[in-house]
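Student: I have a new model open on my screen. Could you show me how to read it?
Tutor: Gladly; let's look together.

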Amino acid sequence: MRQGAVKAMHRLAVVGVGARGWGLARLAARHAGRAQIAAVVEPVASRRSAFGDEFDIPEDCRFSTHQELLSHCQDLSGVFVTSTVRTHAEVACECLEAGVPVFLEKPMALDIAEAGRIVATAKQTGVRLQVGFNMRYMPFCVKLKELVAQGELGRILSIEWKEALAPSHWAEYCRHPSYNRRAALGSWLLEKCCHDVDIINWLVDAPCVRVACFGSRSYFNPRPDVPEQCSEQCPIEAGCIFSARRLYGDREPDPTGRRRDMPHICVYHSGADLVDHQSAILEYANGVTVGFSLLPVTHFESRYMLICGSEATLRGCSTRNELRVHPYLSGEEIVCDPGPASGGHAGADPGIVEAFLDWLDDPTKLPKTTGTEGLEAMIVACGIDLAMQERRVVELDELRGSACV
Ligand SMILES: NC(=O)c1ccc[n+]([C@@H]2O[C@H](COP(=O)([O-])OP(=O)(O)OC[C@H]3O[C@@H](n4cnc5c(N)ncnc54)[C@H](O)[C@@H]3O)[C@@H](O)[C@H]2O)c1
């Protein structure tokens with residue numbers, strides 16, 4: 001954009017208004033005079049109407065399908081696709097074909113072929129496609145990338161990375177109907193950890209070549225000694241850290257449906273089929289090796305990392321916003337300040353929404369993650385899952401071919 005030029009008012013639509021759609025819309029709407037939430041697509045009528053009312057969306061711009069949106073609203077500047085992952089490919093491709101720039105939430109799609117179709121459609125139409133890897137905008141990860149890229153650690157040799165959840169968060173993944181089945185998600189690693197895979201890809205800055213992985217659901221399985229629903233009658237209720245009555249019982253329902261839809265089903269009987277622990281190893285083209293573990297139930301929710309370089313080691317804890325570098329020569333610990341982590345997802349959400357608006361203003365201002373980065377994370381995440389399923393080392397070139405971009 002020319003210096004001094006007036007920024008356009010962007011008319012945005014949101015497709016799918018669960019917690020994520022609502023959150024991104026509120027952030028975009030903060031840019032008053034620059035962005036307006038002009039239309040909504042949501043099949044659940046009560047949610048559509050609550051969202052429409054909050055953002056003053058006229059009745060004739062509230063739809064239950066994206067096809068209705070595209071046939072009635074020809075003047076859209078962009079769309080947030082925040083519906084469930086199984087809808088992403090169809091919605092994103094049809095919006096791109098209609099010429100509407102797309103912000104597509106992660107993961108891009110259920111499988112590599114679908115993600116490849118989205119990237120191919122963006123290429124063929126020339127329409128902008130941003131992927132919602134907000135962690136690249138999190139001050140903590142921005143600082144991490146800066147330290148690695150500036151050579152503070154010397155040459156990177158290996159990375160240990162853990163994603164650790166608190167019991168309450170894991171319980172949501174057992175209970176939430178959008179999040180507890182492989183058929184709905186692709187895989188737990190794809191849904192939850194494609195963020196981590198993307199950040200690791202970004203830090204290593206080379207293609208991942210091969211992966212191996214072990215994992216299973218070995219603990220959160222049906223127990224004959226407890227009932228299917230949380231209740232006072234459950235013999236373990238008093239000491240159960242996953243009790244739905246304890247976690248959500250007295251909370252007000254929230255309009256995004258996240259709490260309201262959360263069944264009070266026991267975490268052992270939820271029917272969820274996602275792994276409850278998983279560890280992977282990855283090898284990159286530049287020789288860097290990575291150990292990655294998903295730890296669903298831990299005392300302190302965070303991403304933890306240990307990055308070993310030829311000249312220093314870096315230790316990080318994302319929740320504490322803490323990065324420490326240990327140079328071997330001086331033996332001193334250097335505490336690095338990532339800066340304030342305010343705003344959704346430790347400061348990541350405001351940044352990624354602003355990047356979308358900036359890209360709408362100026363097509364040369366590329367965001368940090370487009371379809372290219374989204375697809376690469378899909379390939380690595382799906383490769384890890386395949387390696388776990390088939391108990392073998394997966395060469396990722398096997399999978400790159402199925403993207404057909
Ligand atoms: N980047 C992040 O940090 C982050 C955080 C949370 C969720 N997400 C992603 O955002 C997406 C949505 O997550 P959520 O937690 O809001 O899920 P959700 O299930 O709570 O909400 C999804 C909404 O989409 C609606 N929907 C379903 N099919 C639709 C269709 N065909 N058209 C329009 N709407 C449809 C549902 O009715 C629901 O209201 C997922 O892909 C998730 O992985 C990203």
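Tutor: Two residues count as in contact if their C-beta atoms, placed from the backbone, lie within 7 Å. Helices are DSSP runs (H or I, at least four residues), numbered from the N terminus. This is a predicted model, where local features need pLDDT of at least 70 and side-chain atom pairs count only at pLDDT 80 or more, while totals for chains, interfaces and linings use all residues. Residues are numbered from 1 along each chain as its sequence is written.

Student: Which residues in α5 meet α12?
Tutor: From α5, Ile112, Ala115, Gly116, Ile118, Val119 and Ala122 take part, and their partners in α12 are Gly371, Gly374, Leu375, Met378, Ile379 and Cys382.

Student: What classes of residue make up the contact of α5 with α12?
Tutor: Ala, Val, Leu, Ile, Met, Phe, Trp, Tyr, Cys and Pro count as nonpolar, Asp, Glu, Lys and Arg as charged, and the others, Gly among them, as polar. Here, nine are nonpolar, three polar and none charged.

Student: Now, how do I read a domain contact?
Tutor: Domain bounds come from an automatic or database domain assignment. In this protein, domain 1 spans 10–134 + 350–370, and domain 2 covers 136–222 + 272–339 + 375–403. Their C-alpha centres lie 27 Å apart. The contact draws 21 residues from domain 1 and 19 residues from domain 2.

Student: Which helix gives the largest share of the side of domain 1 that touches domain 2?
Tutor: That is α5, with five residues. By class, this side of domain 1 has 12 nonpolar, five polar and four charged residues.

Definitions and conventions:
Helix = DSSP H or I, 4+ residues; strand = E, 2+ residues; numbered from the N terminus.
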